[in-house]
Every structure is written in structure tokens, then in C-alpha cells.
Amino acid sequence: MASRKAPARKAKPRSTSSSNASGDAPGKARKQQRLAPGEWFEKLVALQARLRAPNGCPWDREQTHASLRTYLIEEAYEVLDAMKSGDDAKFAEEMGDLLLQIVFHSQIAAEEKRFTVADVIREVHEKMVRRHPHVFGEKRAKDAAEVLRNWEQIKARERAGNQDGAGGVEAVAKRESLMDGVPGTLPAALEGLQLTRRASRAGFDWENAEGIFEKLREESAELRHATQTKDAVKTEEEMGDLLFAAVNLARFLQVDPEIALKNANAKFARRFRQMERLAASGGRAFGDVPRAEKEALWERIKRGEKQAAGSEAHPKR
């Protein structure tokens, strides 16, 4: 398994009418820009095979499924950052980087005679047709909620080895748990989101958000009691219950808890850095600032952000 880090990526040149990343002549560059998606995909697959060939790139050749795991996760998060930035060129670039990871893993699998990228595409194509009988079959769905319920039923039949949908309730009864299929390697917040989402689609859910707010209050009280008893094991358990309830509330409110927490993390880091700068502008290290002044700086920064947000929302005419 590769132990070294991937080489730092240089900024990718943007396509123009006069040149491209391969240094082709202007006419060839314009012709390539007109290629169909499938043609570009075939070129990418061929390029990755070339990099993995005996006379290809040493770094690419030494990679394994295991060594690439980190990059797959990193690229997914970079796509989210680019999506949030509003920069379409960056968004497209990061989506390409994520696609490259799929091609990379497929190439390694092909070399090991396990499967090819064509198998990957065929599998997802057939799955999408199979799980949309209201589009490609006779079944109808009155709304998105019914689509999701049907989706889970079809998945259950697939897990039972009955992909044609025969067997009805009996086949579903023999299936594995609805909780199966949620990867244990997911970040905890995403895992909780998937688990509660699956339970909801099976009809096990709160009637309204107020019930979950009450659950949060209940779990908070139990956590407080556990801390008072100084029982470390119980405290960890109750902390988990409180966080799980918060994830469930996020799901009920149609908020992705992982993204919400990432945004909160970024906001905290931004405000903290600003406090450090304000302290430094006064000639002091942040650690030397008294606690009361730290709190005052925090509130000052929060007010400033709210005022700035208000100005953006109501610009002067």
C-alpha cells in the first residue's frame, strides 16, 4: 500500500479557444471541446489506464483501493465546498476530481480481473431503472414520500435476492433489517441521518418536530444527571443519546446534520480568529485576555456579523 501522500495538485488551466491542457493546436482544442460526454469519459478511462501502465506514472501505479480511501473522502468534501462557493468553474473541476476517483478504483479492479468501469455504469443504470417503476414501469407514485417508500421496498427485495420484485410481502418479510446497508464507516452524524431516515420510511417517526424538541430536553436532563453522578460511562451514553436526538431533529427538519455542523464549525473558527486579531491589535496575546473580555469580543463580532448580514439583505437604494 502506498505510504506517501499524493503530489500537490497544481491549479488546472481553464480551457480556452486557443489552447488546452495537452498543448494541442487551437483547432484540435476546439474540436475536443465539442466531444460528447461519453467520448470524454472514454478518454478519461483510457488516460487512467495509461497512467497505471508499466511505463506510466510511478505514483499512480503504486496506489491501491486502501491508499486512495482518504482522497475519495477529501474530494467529496471539496465538491461540497465548491458547490457552496457559487463558482461554477470550481464546482465542475471538483466534480471531475471526484469522478476521477471512481475511474481510478475501477481501473485497479479491472487490472485484478474483478470488474470494470462498464460494470459500474451498468449496475447503477439498471438499478435506477429498477427502482423507478413509476417512471419506467406500470407502477405510479402520487408524491415524493411514496417514491421513497417504494424505493426502500425495492431495495429490501433486492437484498433478499428477488430483484424482479416478485414475492410481495413474503419476500419483504424474509429480507434483512432496514438498518442493514448503512455503512458503519460513515461519519457518526451521517450514519445517524441514514438510520433515522430508513426508520421514517418504514413509518417509525415523530408526528411533529415538537416531539423531538421534547426528546432533546429529556436527553439534556439525563445527561446533566449523569455528569452529577460522575459516571463516565453513563455520561458518554447520554451524550450520544443527545447528539442522536439532534441528528434526528435535523433529518425531520430536512437539514443535513453533517453540513450544518461543518457550517457551524467554520463559523466558530472564523469568529475565533477574529477575536485573536482584535486581541493582537491591542498588543495582547489572546490567551492573556481575561475571560470576561473574551466573551465581550465574541458578542461584538456576532453583532458585527448580524449588522453586515442585515445590510446585505436590505441594501440602500
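Rings of Phe, Tyr and Trp (for Trp, the six-membered ring) count as a pair if their centres lie within 6.5 Å; planes under 30 degrees apart are stacked, planes over 60 are edge-to-face, and the rest are tilted. By this rule F268, F272, F286 and W298 form one aromatic cluster.

The model is predicted: local features need pLDDT of at least 70 and side-chain atom pairs count only at pLDDT 80 or more, while totals for chains, interfaces and linings use all residues. Residues are numbered from 1 along each chain as its sequence is written, and side-chain values use heavy atoms, with hydrogens and water left out.

**Overall make-up**

The protein has 14 helices and 0 strands. Helices (H or I, at least four residues) and strands (E, at least two) are DSSP runs numbered from the N terminus. Of the 317 residues in the protein, 24% are buried; buried means under 20% relative accessible area, exposed over 50% and partly exposed in between, with a 1.4 Å probe and protein chains only. Contact means heavy atoms within 4.5 Å. Among contacts between residues at least 6 apart in sequence, 50% join residues at least 24 apart.

**Aromatic rings and charges**

The whole structure holds 5 aromatic pairs. In one of these, W59 and F104 have ring centres 6.4 Å apart and planes at 70°, so the pair is edge-to-face. W59 lies in helix α3 (residues 58-61) and F104 in helix α5 (residues 88-111), so that the pair links parts of the chain 45 residues apart. Both W59 and F104 are buried.

| Charged residue | Ring | Distance to ring centre |
|---|---|---|
| K262 | Y77 | 5.1 Å |
| K294 | F286 | 5.1 Å |

**Helices α2 and α5**

The axes of helix α2 (residues 37-52) and α5 come within 10 Å and cross at roughly 55°. Axes are lines fitted to C-alpha atoms, for helices over the stretch in contact, and angles run from 0 to 180 degrees between N-to-C directions. The contact involves F41, L44, V45, Q48, A49 and R52 of α2, and L99, L100, V103, F104, Q107, I108 and E111 of α5.

**R271**

R271 is found in helix α13 (residues 257-281). R271 has a relative accessible area of 11% and is therefore buried. Apart from neighbours within four places in sequence, R271 is in contact with W298, I301, K302 and E305.

How values were computed: Lys NZ or Arg CZ within 6 Å of the ring centre and 35° of its normal.
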